[in-house]
Amino acid sequence: MSGRKDRTPDDPLPEQETGAAFDLWLKRGLHQLFDEVANEPLPEELLRLIEVDRDGKS
């Protein structure tokens, strides 16, 4: 016998398991909400401003 206590459905999860489950839930939710937006191309005006700034600091 390993000495491990089998949990019942009413037993709370250990904090580490709860944190990992929350992290996974949050990561999936954020990806679901923002992946499409993050994959959109940058606007030309923003790219131009970045180039102007980069050229000015060289």
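Analyst: One definition to start. Buried means under 20% relative accessible area, exposed means over 50%, and partly exposed is in between. Keep in mind that this is a predicted model.

User: OK. So where does R54 fall, given its relative accessibility?
Analyst: R54 has 49% relative accessibility. The cut-off for exposed is over 50%, so R54 counts as partly exposed.

User: What does R54 form a salt bridge with?
Analyst: With E51. The closest N and O atoms are 2.8 Å apart. E51 is partly exposed, at 37% relative accessible area.

User: Where do R54 and E51 lie?
Analyst: Both lie in helix 2. They are three residues apart, about one turn of the helix.

User: Why would two such side chains pair?
Analyst: Side chains of opposite charge can pair when their charged atoms come close.

User: How many salt bridges does the structure hold?
Analyst: Two. E45 forms a salt bridge with R48. There the closest N and O atoms are 2.8 Å apart.

User: And where do E45 and R48 lie?
Analyst: In helix 2, which covers residues 44-57. E45 and R48 are three residues apart, about one turn of the helix.

User: Switching topic. What is the secondary structure of the chain?
Analyst: Two helices and zero strands.

User: What share of the residues is buried?
Analyst: 0% of the 58 residues in the protein chain.

User: And how much accessible surface does the chain have?
Analyst: About 6,000 Å². Carbon and sulfur atoms account for 58% of that.

User: Which residues form a nonpolar patch on the surface?
Analyst: F22, W25, L26, L30, L33 and F34. Together they have about 660 Å² of accessible area.

User: Let's take F22. Where is it?
Analyst: F22 sits in helix 1, residues 15-38. F22 is partly exposed, at 45% relative accessible area.

User: How many aromatic pairs does a search of the whole structure find?
Analyst: One. The pair is F22 and W25, and the arrangement is tilted. The ring centres are 5.6 Å apart, with 35° between the planes.

User: Why tilted, and not stacked?
Analyst: Planes under 30 degrees apart count as stacked and those over 60 as edge-to-face. The planes of F22 and W25 are 35° apart, so the pair falls in the remaining class, tilted.

User: How far apart are F22 and W25 in helix 1?
Analyst: Three residues, about one turn of the helix.

User: Last one. Is W25 buried or exposed?
Analyst: Exposed. W25 has 59% relative accessibility, and the cut-off is over 50%.

Technical notes:
Residues numbered from 1 in each chain as written. Predicted model: local features only at pLDDT ≥ 70, side-chain atom pairs only at ≥ 80, totals over all residues. Heavy atoms only, no water. Patch = residues over 30% accessible without salt bridge, like charges linked within 9 Å, V, L, I, M, F, W, Y side chains within 5 Å. Areas by Shrake-Rupley, 256 points an atom, 1.4 Å probe, with all protein chains shown as cover. Salt bridge = Lys/Arg side-chain N within 4 Å of Asp/Glu carboxyl O. Helix = DSSP H or I, 4+ residues; strand = E, 2+ residues; numbered from the N terminus. Buried < 20%, exposed > 50% of the residue type's maximum accessible area, 1.4 Å probe, protein only. Phe/Tyr/Trp six-rings, centres within 6.5 Å; stacked < 30°, edge-to-face > 60°.
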